[in-house]
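Okay, everyone, thanks for coming. Let me put the model up, and then I'll walk you through some parts of it.

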Amino acid sequence: MNQLSAAAADERTRTGLSKEALSRAFLDNLFYLQGRSLDVATDNNLYQAAAFTVRDRLLERWIRSAHVYKEQNARTVCYLSAEFLLGPHLANNLINLGIIEAARAAGDELDLDFEQILESEEEPGLGNGGLGRLAACYMDSLATTQIPAIGYGIRYEFGIFDQVIVDGWQVEKGDTWLRNGNPWEIPRPKLAFPVGFGGYSEEYADEYGVVRHRWRPELQINGVAYDTPIMGYGVNNVNLLRLWRSEAPESFNFGAFNVGDYYGAVHAKIGAETISKVLYPNDEPEAGKELRLKQQFFFVSCSLQDMIRLQLRNTGTLEHFSEKFAVQLNDTHPALAVAELMRLLMDEHLMGWEQAWTITRNTCHFTNHTLLPEALETWPVELFERLLPRHLEIIYAINQRFLDEVRVRFLNDEARVARMSLIDEGGGRKVRMAHLAAVGSRAINGVAELHSELLKSTVMKDFNDLWPERFHNVTNGVTPRRFMVVSNPELAALITETCGNDRWVSDLESLRDLEPHAEDHALQQRWRAVKTNAKRELSDWLGARTGYAPDPESLFDVQAKRFHEYKRQHLNLLHIIWLYEQIKQNANTDLTPRTFIFGGKAAPGYFMAKLMIKLINAVGEVINKDPQVNGTLRVLFMPDFNVKNGQRLYPAADLSEQISLAGKEASGTGNMKFSMNGALTIGTLDGANIEIRDEVGHENFFLFGMTATEVQQRQEAGYQPWEYYQRNEQLRSAIDLIASGLFSHGDAELFRPLTENLIHHDPFMVLADFEDYRERQQEVDRAYRDAHHWDRMSILNTTRMGKFSSDRSIRDYAQRIWQVEPTPVEVHD
Ligand code: C3B
């Protein structure tokens, strides 16, 4: 499959590994770790042996990196995130180590199916969507740009659910990624920290008569570290992903835990283990569940205790803590770090308020990922009082000082004081986590230019008035290693061949060198052949799973992302239904054959999102079977969209649907993955779409819809979706067709919640943008018929994506936010 020269496989690789050395190590790992020989090994045995072989190579570099980082006392980035959506490790690590060809050759020699071994890996789905995947891309880029970093999070036993489609409905299945063990992690049972919950806070006088505070928790659990090495591409740097698993302390000492009550003791143990048991599957809205707050505090506390341990070990004092560590808070989920760092410094390490506050404020940085009101986290004060009484005290104290500052800056403006307070006093008192994160951070950033501007002018306006210098934009990025080299090896090989080198893999801007070739017909043809091969592979995969194998010559039009009304999968669907009506009305309608592919999960409790999935499948069932359509349209749902399946999808897409209502999608990152793989985008002026369009050229992007400003104006003027429904015949007939029961075996009730909601409420203005969308889709239809022109646009989409490498994002953070420098690591094999 991979076109790289076979000769390369025979050479000793950059890491000094020959295929012979790899085969030997592989066989050893099969035999000594699993007691298997080749003839009886299962797929999983082979995968584990391969994984251990690769992991061993990472470990040498990991130890070396840790040593160099310590020696140079480099500032370390600590990326605190409740989610890391990693995806399979094996292929990615082989690429980053530079040994994939040697490994493939070793596999061939042992007569093994290399692709099958890669396939056997279960992915760690420790995240919901964009936010979690971004954290994983950033871990890759931190290592690649040689920045010392630790990712801190939770080792969920059950990650995001697996999605199966039954009768068109989403059904959730528990994720069991740890079933066969996880060869990439190293448990550190001795590296554990106590985490308290409940109890009370008390004052006491220390030996000098100074009044201090301490927390007397009612319950203590332990957080145990599980470490995964994260290898950079083309460098020797290996960083650390440290995930915490919750445990009851002293598992065997049941008696001490709960005297005489054996059952109660076991129950307590189970309670402790529950904390890291399962990832909350809600993407943007926060569930407000007690266990979620416990999870947040749990991983924040373990992580900060770990940093303090490292600093004390290295320097014996915490005075220079903020020079040693830059903490990045990935959304508000780890915002408690502000209060917990204060508590640890003051109560446990006996620092005064001023010094502790200066350190905290110089350590923390905060990224906001959404403006959706339902996603802005707040927690009832009552819950804090019960679970984290000392933290509530600290939050009150921070708030008092903060609001005094506001009062002095803005005289006689109590309304502003109330708006900015860390406590929302209206209707049940609540702690505002975004405010806590903002007050405790040196820098606050949004994730795309528009989003960062809207952040400053809407949800964080008051904070921007107060501290404009703290606000930044860092546009998101994605790693070209996973989303080009790993997922699309044929395209990667073609690019490398055309460039004459593979520098682009860690310097994506250099793809611009290819631009002059965009006109070259020979390249266009090969480019198209690569795309068609990827479409064929996807078609086979879909055929085996959905019963429909789409025609690789048709235009693959893909929308893959979490299901949410603001992302407007239903806008896409209304267009499909309209196309279908055209064919029904006139069998000779001249349409470019298209395959519409959807993928994505809905939060299990999100009724409308689940109904959209059902509707897509129902529409597919009717259209795909209708002889009159005769294959011109296909509508397919790819089940269980996750990182692994995404890697199948991105290379095969011709058109990428990025059709959120302007102002709602903070950035989007799928948009970047598609474009890098040569898909054209149909999209609104939302999130990073705007910047993508500016980079790839306006003529190579299908733009439609209202701008964020127009959206706001329309809303203020009073939006009446009903008027669009009445006025626009195309729209009306598409909606009416759903309401008629055609897609529900005559049941006119099934989809009524969806159609009624569109006609009467339409909170994300699907109807207002429909007409423009439909027109732009007609342009797409025409443009695809001109293969040369399309291929040229496709090539330019890829070559102009340099800005959207996560390496660039990380360099931005490093220079503008963290002030950290690369620390190269030398290895002498
Ligand atoms: C997402 C946003 O919805 C995306 O626009 C953005 O690209 C990514 O974050 C990464 O910045 N997001 C998410 O996945 N989960 C949240 N809770 C909030 C935002």
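Before I get to strands, one convention: two strands pair if DSSP finds at least two bridges between them. Helices (H or I, at least four residues) and strands (E, at least two) are DSSP runs, numbered from the N terminus.

And the housekeeping. This is a predicted model, where local features need pLDDT of at least 70, side-chain atom pairs count only at pLDDT 80 or more, and totals for chains, interfaces and linings use all residues. Residues are numbered from 1 along each chain as its sequence is written.

Strand S5 (residues 162-166) and strand S6 (residues 169-173) run antiparallel, joined by 5 bridges.

What order do the strands of the 6-stranded open sheet take? They go S21-S20-S19-S22-S23-S24, with parallel pairing. Strand S21 (633-638) and strand S24 (702-703) are the edges, and each has a single partner strand, so one side of each has no neighbour in the sheet. Inside that order, strand S19 (residues 555-560) and strand S20 (residues 594-599) run parallel and are joined by 6 bridges. Opposite Asp-557 you'll find Phe-596 in S20.

On to confidence. pLDDT is the predictor's confidence in each residue, from 0 to 100. The protein chain has a mean of 95, with 96% of its residues at 70 or more. Where is confidence lowest, and where is it highest? Lowest is helix H1 (residues 6-10), with a mean of 39, and highest is strand S22 (residues 655-658), at 99. Residues 1-13 have pLDDT below 50, and that stretch makes 20 contacts in the model beyond near neighbours in sequence. A contact here means two residues whose C-beta atoms, placed from the backbone, lie within 7 Å. Where pLDDT is low, the predicted coordinates should not be read in detail. For the complex, the predictor gives an ipTM of 0.99 and a pTM of 0.97.

UniProt, in an unreviewed entry, lists Lys-673 for "modified residue: N6-(pyridoxal phosphate)lysine". UniProt positions are in the numbering used here, feature names are shortened, and annotations may be inferred rather than shown by experiment. Lys-673 sits in helix H26 (residues 670-676). Is Lys-673 buried or exposed? It counts as buried, because it has 29 C-beta neighbours inside 10 Å. The cut-offs are 20 or more other C-beta atoms within 10 Å for buried, 12 or fewer for exposed, and partly exposed in between, with C-beta atoms placed from the backbone. Leaving out residues up to four places away in sequence, Lys-673 touches Val-478, Phe-483 and Tyr-650.

Here are two residues for contrast. Thr-315 is in helix H10 (residues 290-315), and with 14 C-beta neighbours inside 10 Å it counts as partly exposed. Asn-73 is 242 residues from Thr-315 in sequence, but their C-alpha atoms are 9.8 Å apart in space. Pro-753, in helix H31 (residues 752-760), is exposed, with 12 other C-beta atoms within 10 Å. Pro-753 touches Met-608 and Leu-611, again not counting residues up to four places away in sequence.

Helix H5 (residues 100-109) is largely enclosed by the rest of the structure, because 8 of its 10 residues are buried. Among them are Ile-100, Glu-101 and Arg-104. After H5 comes Asp-111, with a positive phi near 65°.

What about the core? A nonpolar core is a set of buried Ala, Val, Leu, Ile, Met, Phe, Trp, Tyr and Cys residues joined through C-beta atoms within 7 Å. The largest one has 236 residues, and those with the most contacts inside it include Val-338 and Leu-436. Val-338 touches Leu-436, as well as Thr-360, Cys-364, Ala-437 and Gly-440, not counting residues up to four places away in sequence.

Last, domains, with bounds from an automatic or database domain assignment. The C-alpha centres of domain 1 and domain 2 lie 31 Å apart. Their contact takes 19 residues from domain 1 and 15 residues from domain 2. On the domain 1 side, helix H3 (43-71) and helix H4 (90-97) each give two or more residues, and H3 has the largest share, 13 residues.
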